[in-house]
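Thanks for asking me to look this one over. Here are my notes, point by point, to read with the model open beside you.

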Amino acid sequence: MPATWLTEAQQMITSHQATQSSDQTADTTSSTTSSSASSSTSTSSTTASSDATPIESNVQGKTLATTYYYHFKDNVPTAVRQEFERAVATYNQTGIVKLVAGTGTTKQNQITFFVYHKAVDQQTAQTIELGYGGPNIIEQTGWGAYTANHAKAGINVDYSASIKQSVATHELGHALGLDHSTSTTSVMYPVDQGVTTLSTADINALKSIYQN
Ligand SMILES: [Zn+2]
């Protein structure tokens with residue numbers, strides 16, 4: 001699926017195509033600290049379907065186990081690990097998925113947490129990439145058929161602003177199959193709002209993926 005990049009005015013300016021097998025979504029934040037452009041007027045209705053948290057296209061229709069084994073690449077700093085651990089706890093609290101430290105087998109769901117460096121020209125860039133993550137569906141058909149999600153979630157450590165629980169929660173959301181939401185109360189809103197608590201819509205999206 002195409003990833004959305006948002007400008008300060010919170011409008012889609014471009015998109016890029018994910019690779020064939022994985023569906024990783026880069027995330028951005030405004031490159032200026034001025035947040036005066038946040039003119040989004042959310043409706044008071046919390047049940048509006050437009051507030052639903054979408055599901056990544058490559059996860060739709062898949063039957064996935066609810067248990068994930070997660071591990072960190074060796075070069076992930078302690079500060080980043082802590083934010084991802086907090087994000088893991090947030091999703092475990094839902095009771096919908098169960099994230100367990102360790103490395104799973106090929107047939108099991110796995111999440112790899114990583115860090116990377118991606119600098120942008122802060123003079124010209126309208127957005128800064130904070131991280132990216134997404135599901136990677138492995139499907140074995142025929143004898144011994146299985147479907148597993150070998151997902152990734154990463155933080156761009158070129159920016160200290162990336163090392164936040166909200167960013168970790170967002171990227172882990174992608175790994176588990178959540179797509180970008182237009183609701184600022186969702187952890188899946190594409191521009192970091194500092195949200196660390198899953199919205200009702202986020203939880204409902206998780207249920208639709210894992211309780212089928
Ligand atoms: Zn995102």
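This is a predicted model: local features need pLDDT of at least 70, side-chain atom pairs count only at pLDDT 80 or more; totals for chains, interfaces and linings use all residues.

1. Setting aside residues up to four places away in sequence, Leu172 touches Phe84, Ala87, Val88, Tyr91, Gly133 and Ala153.

2. Leu172 is also among the residues with the most contacts inside the largest nonpolar core, together with Phe84, Val88, Tyr91, Ile111, Ile155 and Leu176. That core has 37 residues. At least two of its residues come from each of β4 (67-72), α1, β6 (109-116), β7 (127-134), β9 (146-156), α2 and α3 (200-210).

3. Next, the helix pair. Two packed helices are described by the angle between their axes and the distance between the axes. How do α1 and α2 pack, in angle and distance? Helix α1, residues 78-92, meets helix α2, residues 165-176, at an angle of about 55 degrees, and their axes are 8 Å apart. The two helices are therefore oblique to each other, and their crossing is right-handed. On the α1 side, the contact is made by Glu83, Phe84, Arg86, Ala87, Val88, Thr90 and Tyr91. Helix α2 contributes Gln165, Ala168, Thr169, Leu172 and Leu176. Sorted by class, this contact has seven nonpolar, three polar and two charged residues.

4. For the chain as a whole, the secondary structure comes to three helices and nine strands. In sequence order the pattern reads β-β-β-β-α-β-β-β-β-β-α-α. Of the 212 residues, 40% count as buried. If you count contacts between residues at least 6 apart in sequence, 72% of them join residues at least 24 apart. The loop residues in the points below give some examples to inspect.

5. The loop between α2 and α3 holds Val187. Is Val187 buried or exposed? Val187 counts as buried because 29 C-beta neighbours lie inside 10 Å. From C-alpha to C-alpha, Val187 and Ser166 are 7.1 Å apart in space, although 21 residues separate them in sequence. Beyond its neighbours within four places in sequence, Val187 is in contact with Ser166, Thr169, His170, Gly173, Val195, Leu198 and Asp202.

6. Thr196 lies in the loop between α2 and α3 as well. Thr196 has 17 C-beta neighbours inside 10 Å, so it counts as partly exposed. The C-alpha atoms of Thr196 and Thr90 are separated by 8.0 Å, while the two residues are 106 apart along the chain. With neighbours within four places in sequence left out, Thr196 is in contact with Thr90, Gln165, Ser166 and Thr169.

7. Moving to the loop between β9 and α2, have a look at Ile163. Why does Ile163 count as buried? Ile163 has 20 C-beta neighbours inside 10 Å, and a residue is buried if 20 or more other C-beta atoms lie within that distance. Ile163 and Arg81 are 82 residues apart along the chain, with 9.4 Å between their C-alpha atoms. Apart from neighbours within four places in sequence, the contacts of Ile163 are Ala79, Val80, Glu83, Ile155 and Val157.

8. Thr53 is buried because 25 other C-beta atoms lie within 10 Å. Which residues is Thr53 in contact with, leaving aside neighbours within four places in sequence? They are Leu178, Ser181, Ser186, Met188, Ala201, Asp202 and Ala205. Asp202 is also in contact with Val187. Thr53 and Thr200 are 147 residues apart along the chain, and their C-alpha atoms are separated by 9.1 Å.

Technical notes:
Residues are numbered from 1 along each chain as its sequence is written. Axes are lines fitted to C-alpha atoms, for helices over the stretch in contact, and angles run from 0 to 180 degrees between N-to-C directions. Helices (H or I, at least four residues) and strands (E, at least two) are DSSP runs, numbered from the N terminus. Angles under 35 degrees count as roughly parallel, over 145 as roughly antiparallel, 65 to 115 as roughly perpendicular and the rest as oblique. A crossing is left-handed if the near helix is turned anticlockwise from the far one by less than a right angle, and right-handed if clockwise. Two residues are in contact if their C-beta atoms, placed from the backbone, lie within 7 Å. Ala, Val, Leu, Ile, Met, Phe, Trp, Tyr, Cys and Pro count as nonpolar, Asp, Glu, Lys and Arg as charged, and the others, Gly among them, as polar. A nonpolar core is a set of buried Ala, Val, Leu, Ile, Met, Phe, Trp, Tyr and Cys residues joined through C-beta atoms within 7 Å. A residue is buried if 20 or more other C-beta atoms lie within 10 Å of its own, exposed if 12 or fewer, and partly exposed in between; C-beta atoms are placed from the backbone.
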